[in-house]
Amino acid sequence: METHEKEFTLIERYADGMMADSEREAFEQGLEAEPELKRMLNEYTLIKKTYIEASRRIELKQTIQAAIATNKTVRLNQRKMWLIAASVMLIAAIGTLIVFSTGTKKPDNQFTANSLPGEKAVEGKQNTMKEFGNMDVVKLNIPDNAFFPDEYTYLKANDTILFQWPSELSQRYLTIYNSRGELVMKATIKKNIKEYVLMPGVLKPGVYYWKFMNDSMLIRIRVNNN
Amino acid sequence: MGENNTHFLSHLSVLRYNKQEYTEDEILDGVRKNKNTMYQYIYKSYFSGIRTMVLSFHSMALDADDVFQDGLVIAALNIQEGRFRGESSFNTYLNSICRNVCRKQIERAGRYKPSEMHIDIAEKPEADNEELIYRMIQLKNRIDEKCCQIIDLRFGLSHQNYSIEPTASDITALKFEEIASILGIEPDNARQRFKRCLEKLKDSFFNHSDFN
């Protein structure tokens with residue numbers, strides 16, 4: 001142990017450059033004669049050099065990690081900002097779609113001024129179509145210049161109702177009244193259009209009168225339960 | 001303005017306004033001076049390419065962030081010590097270093113067996129330097145604090161941590177008398193503690209055992 005202690009001290013002094021010139025020369029000459037001393041010196045030198053290099057790398061890596069972490073925080077905040085902006089735009093787009101899509105239904109939902117607020121004159125489900133629900137069949141059977149559905153036509157609540165009128169008429173409005181004389185629907189008809197389709201379930205079961213405006217005769221139809 | 005201006009202008013950089021580009025010389029200068037902004041720029045500019053390269057190895061042993069950081073450390077130290085000759089662009093240089101880091105890590109993951117890790121200085125004087133440094137980094141992360149402290153002081157590291165005036169040479173070993181005064185112990189205790197810690201470190205290093 002004492003020998004090693006002595007050798008350790010010599011090695012340290014030599015490695016630290018603390019020996020006088022003559023002492024250093026004697027030490028270097030002695031290395032050739034003492035392989036164990038030489039091995040210990042090589043080990044010490046390697047350990048020191050590697051330890052210093054490792055420490056520098058650890059410190060530099062910590063610096064780089066801190067710099068990258070700052071960068072990642074900035075990028076994360078930027079991404080959050082984009083996500084928020086995209087969400088706001090999406091909500092605005094959805095809101096716009098909802099507003100405009102509900103707006104286009106107005107012609108089918110017009111009521112008279114006297115109808116109670118919130119009262120629905122029409123309701124029902126959009127079920128499978130029967131009888132008049134098949135528009136192709138309806139078209140084939142109807143003469144061109146007739147009013148359809150005609151007087152006392154019985155329809156079901158889940159029927160698709162095709163309204164037709166003589167082609168020479170050029171009035172602008174299709175109106176439907178209930179049995180109390182209340183206007184339940186008013187549709188604007190474009191020029192040269194000779195028919196109007198009312199989807200199933202729009203009219204609740206009951207008696208209705210429909211009219212193509214400026215024609216004086218009301219046509220009575222009845223909608224029954226299924 | 002200082003390095004914190006990136007925070008104030010970050011909203012502009014979203015729109016690619018104020019996006020800075022550096023020349024090769026500016027990059028090398030920034031690395032030599034250890035500038036945080038330059039490391040951030042290097043990360044932003046080159047990490048995606050490095051990540052693609054790392055993924056191309058298809059190895060679970062590799063982590064792109066880790067490879068990038070290790071590679072950048074080696075590149076930065078080489079530049080700071082004048083070992084980078086400038087024969088290629090910084091990106092090419094960094095890429096090549098990271099590729100070597102990947103190969104080393106895959107090799108390490110594939111062959112780790114304690115019996116193969118023994119180093120005998122007499123028989124293998126040309127032991128891979130990177131491997132030795134890697135092993136020392138692992139050991140230093142496990143070393144106990146007191147040993148780390150005294151070895152750092154004895155080898156001339158971490159002057160700022162111990163409130164010591166840095167000398168002209170950044171790495172100057174302290175004498176045991178100086179170390180003793182910093183740690184508040186006797187010089188002989190300092191010597192014995194250093195010797196004990198160094199022996200443990202040597203033993204772990206050359207025999208790849210855990211540092212206990």
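In which loop of chain B is the place of H58(B)? In this predicted model, H58(B) sits in the loop between α4 and α5 of chain B. Its phi is positive, at about 50°, although H58(B) is not a glycine. The residue is exposed, because 7 other C-beta atoms lie within 10 Å. N34(B) belongs to the loop between α3 and α4 of chain B and counts as partly exposed, because it has 15 C-beta neighbours inside 10 Å. Most residues other than glycine have a negative phi, and most peptide bonds are trans. In chain A, the peptide bond from F148(A) to P149(A) is cis, with omega near -5°. P149(A) is found in the loop between α4 (135-141) and β1 (153-156) of chain A.

The contact between the two chains draws 30 residues from chain A and 31 residues from chain B. On the side of chain A that touches chain B, helix α3 (residues 35-103) contributes the most, with 28 residues. This side of chain A comprises 13 nonpolar, nine polar and eight charged residues. R57(A) is placed in helix α3 of chain A and counts as buried, because it has 20 C-beta neighbours inside 10 Å.

The largest nonpolar core contains 26 residues, of which L72(B) and C98(B) touch the most other members. At least two residues of this core come from each of α3 of chain A and α3 (24-32), α4 (36-55), α5 (64-80) and α6 (90-111) of chain B. Leaving aside residues up to four places away in sequence, L72(B) touches I64(A), I42(B) and L94(B). Another core, of 20 residues, lies apart from the largest one and includes A54(A), I150(B), L157(B) and F176(B).

Within chain B, the axes of helix α8 (residues 145-154) and helix α10 (residues 187-207) come within 9 Å and cross at roughly 105°. The two helices are therefore roughly perpendicular. From α8(B), the residues C147(B), I150(B), I151(B) and R154(B) meet A190(B), R193(B), F194(B), C197(B), L198(B), K200(B) and L201(B) of α10(B). By class, this contact holds eight nonpolar, no polar and three charged residues.

Conventions. Residues are numbered from 1 along each chain as its sequence is written. Chains are lettered from A and ligands numbered from 1 in the order in which they are written. This is a predicted model: local features need pLDDT of at least 70, side-chain atom pairs count only at pLDDT 80 or more; totals for chains, interfaces and linings use all residues. Axes are lines fitted to C-alpha atoms, for helices over the stretch in contact, and angles run from 0 to 180 degrees between N-to-C directions. Helices (H or I, at least four residues) and strands (E, at least two) are DSSP runs, numbered from the N terminus. Angles under 35 degrees count as roughly parallel, over 145 as roughly antiparallel, 65 to 115 as roughly perpendicular and the rest as oblique. Two residues are in contact if their C-beta atoms, placed from the backbone, lie within 7 Å. Ala, Val, Leu, Ile, Met, Phe, Trp, Tyr, Cys and Pro count as nonpolar, Asp, Glu, Lys and Arg as charged, and the others, Gly among them, as polar. A residue is buried if 20 or more other C-beta atoms lie within 10 Å of its own, exposed if 12 or fewer, and partly exposed in between; C-beta atoms are placed from the backbone. A nonpolar core is a set of buried Ala, Val, Leu, Ile, Met, Phe, Trp, Tyr and Cys residues joined through C-beta atoms within 7 Å.
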